[in-house]
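Colleague: I have the sequence and the model open side by side. Could you walk me through the strands, and then the rest?

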Amino acid sequence: MAKKKFVVGCFNDEEVLFPAVKKVRTAGYKIHDVYTPFAVHGLDHAMGLRETSLHTAGFIYGITGTTTALSCISWIFTKDWPLNIGGKPHFALPAWIPITFELTVLFAAVGMVLTFCYISQLAPFVKKHHFHARATDDLFVMVIECTDTTNAEDLKAFLASNGAVETDIQVAEEGWWFGRYDKDEMRFENKQIVAA
Amino acid sequence: MASIRLQFEIPGKLKTWSLGLIGVGLVALVFGMITKGFSSDEHEQVHFWGTLMYNTIFWTLVTNASMFFICVTTLAMGGWQQSFRRIPEAISTLVPIFGAITFAVLLYVVLTDKHHIYHWLDTAAVAKDPILTGKSGFLNAKFYIIWTTLTIGFWSFLGWRMRQLSNEADVEAMDHETGLKFIFRNTVRAALFTVWFALTVGSTVPWLWIMSIDAHWYSTMFSWYTFASSFVSGMSLIALWLIYLKNKGYMELTTQEHLHDVGKFMFAFSIFWTYLWFSQYMLIWYANIPEETVYFKHRVQGPYKGIFFLNLIINFLCPLLILMKRSAKRNYTLVTFMAVLIIFGHWIDFYQMVMGSLMKESVELGWLDFGILSFFVGMMIFFVARALASKPLIPKYHPFLKESVIHTV
């Protein structure tokens with residue numbers, strides 16, 4: 001797992017956050033992510049995130065469910081084990097629609113949850129680095145990834161001048177990380193203890 | 001608001017088109033009345049009056065669905081619809097006009113004892129028939145006329161009250177107190193309309209007007225199914241006018257975001273319609289009781305087979321597959337196409353609801369149906385354009401207008 005260096009800026013208000021996000025982007029910095037206490041309308045737009053493909057995946061899972069249900073039931077009731085139910089034809093399509101519908105929903109729902117976990121890199125035993133504990137409470141936390149050309153101190157000052165109430169530099173694992181740093185690194189070495 | 005055009009000027013072309021359509025419709029109407037409506041042949045009579053019935057009922061319900069849309073969004077404290085709320089308001093001004101036509105047609109059918117349309121009008125047959133005797137408290141001419149009068153009267157009156165209140169948003173800016181009172185009065189009037197709507201379209205009226213054609217058959221779902229049909233067509237009609245006005249350069253505050261939400265209504269209620277359609281169909285198919293399957297027998301296996309399944313393709317498969325994508329609901333061309341398709345599809349749905357029971361032997365979808373349709377489309381265009389021109393297009397002092405302006409999906 002690769003460790004990366006981040007500059008973290010904390011904001012008290014979304015009205016300060018929005019212009020800051022825009023300025024950071026126009027200045028050419030690479031925003032890793034913005035952590036907010038609640039869903040902020042339009043933030044994805046301001047950050048320049050592309051539209052998610054999750055719904056396309058959902059559609060594919062859905063039609064997989066539909067075909068699974070229809071092919072399964074029709075094979076069972078017409079080829080494998082035909083039963084006479086109330087004198088209905090073996091190929092009794094209307095009776096299968098509710099089950100087909102349920103299976104479509106089940107496949108789409110479970111598939112989308114698992115896909116969402118995968119693209120968010122969430123799974124059992126995977127650890128996530130918290131850039132700031134108060135991001136789940138009342139603080140808007142913008143995390144900027146440092147590249148070779150980034151001057152972290154300049155960036156900190158830049159964030160502070162754009163309304164950040166708190167800035168710091170953190171080195172953290174990102175991605176699929178199972179809670180252990182590389183051997184030559186001490187755990188939590190760079191992590192600052194935050195007074196909530 | 002200097003750059004916003006509040007006053008709609010009716011384009012000459014629109015007027016010509018609407019008058020042309022009305023003209024074509026009137027020719028069809030008069031010709032049909034002479035050759036069919038007052039002919040001595042029962043079959044021709046039923047054809048003519050049945051055609052008038054499903055067209056009048058369809059267009060009354062569709063225009064009334066606009067007022068229902070305003071009322072439910074008001075009750076839900078919705079803000080997003082304010083920038084284009086004058087469109088559904090204008091459409092709903094047709095309720096008294098189409099309602100009066102419907103009333104006249106239904107009154108004629110009931111008062112002249114057309115028992116080939118409503119079997120329960122035949123008192124001698126009802127007396128011998130235990131099922132119809134049991135229903136006679138509901139299915140009798142007196143109740144039919146009283147309930148129809150009340151229904152159309154209150155739709156028109158409560159809708160008019162709602163529109164009157166909306167005029168206050170044009171007068172002057174409201175302070176906080178006045179705004180709160182205005183919203184509260186809106187809520188009360190919207191609630192009154194919605195309750196009456198539920199008692200009529202949501203339950204009794206489709207049973208009375210349409211379902212009772214098959215006097216022995218009944219389905220408690222029928223009203224909801226009819227409501228879903230009319231509501232999804234109503235939303236499509238709103239979308240069409242919205243796009244038309246956008247094209248003419250009006251409705252500056254209404255954007256793709258609003259169209260997206262209207263598109264969602266079209267999509268969602270198409271699915272809702274299918275849900276009700278299927279729920280009604282499957283239970284009857286599964287139970288397979290003769291007195292219930294009588295409704296579907298000639299529709300699924302008889303001459304109406306084509307229309308019956310076309311209905312399902314237009315009203316379910318097309319909206320499902322075409323309107324599902326976000327980009328489709330934000331695309332003016334696609335929404336226009338789908339709106340026209342959906343309105344046509346539900347018109348066909350009403351056709352098979354009424355004519356499928358009246359003329360079981362053959363499908364005679366022809367000049368009369370499209371002629372009467374053109375009459376109603378022409379009337380709709382003419383009167384909606386007039387109603388739009390009579391008021392500012394945007395209720396500029398409505399307390400929720402800002403919410404509509406900044407609306408994003």
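Colleague: Which way do strand E1 and strand E4 of chain A run, and how many bridges join them?

Modeller: Bear in mind that this is a predicted model. Within it, strand E1 (residues 3–11) of chain A and strand E4 (residues 166–173) of chain A run antiparallel and are joined by eight bridges.

Colleague: How many residues of E3(A) are buried?

Modeller: Five of its six residues are buried, and E3(A) is accordingly described as mostly covered.

Colleague: Stepping back, how is chain A divided into domains?

Modeller: There are two parts in the assignment, with domain 1 made up of 3–50 together with 125–173, and domain 2 spanning 54–119. Taken over C-alpha atoms, the centres of domain 1 of chain A and domain 2 of chain A are separated by 44 Å.

Colleague: Switching to chain B, at what angle do helix H8 and helix H9 pack?

Modeller: Helix H8 (residues 176–209) of chain B packs against helix H9 (residues 222–247) of chain B at an angle of about 105°, and their axes are 7 Å apart. An angle from 65 to 115 degrees counts as roughly perpendicular, so H8(B) is roughly perpendicular to H9(B).

Colleague: Which residues of H8(B) and H9(B) meet there?

Modeller: From H8(B), the residues include B:Val201, B:Pro206 and B:Trp207, and those they meet in H9(B) include B:Phe222, B:Trp224 and B:Phe227. The residues of the contact of H8(B) with H9(B) divide into six nonpolar and five polar, with no charged ones.

Colleague: Last one, how many residues of chain B are in contact with chain A?

Modeller: Seven residues of chain B are in contact with six residues of chain A. On the side of chain B that touches chain A, the residues are five nonpolar and two polar, and no charged residue is found among them.

Conventions:
Residues numbered from 1 in each chain as written. Chains lettered and ligands numbered in written order. Predicted model: local features only at pLDDT ≥ 70, side-chain atom pairs only at ≥ 80, totals over all residues. Pairing = 2+ DSSP bridges. Helix = DSSP H or I, 4+ residues; strand = E, 2+ residues; numbered from the N terminus. Contact = placed C-beta atoms within 7 Å. Nonpolar A, V, L, I, M, F, W, Y, C, P; charged D, E, K, R; others polar. Axes fitted to C-alpha atoms, helices over the stretch in contact; angles between N-to-C directions. Parallel < 35°, antiparallel > 145°, perpendicular 65-115°, else oblique. Domains from an automatic or database assignment. Buried ≥ 20, exposed ≤ 12 C-beta atoms within 10 Å, placed from the backbone.
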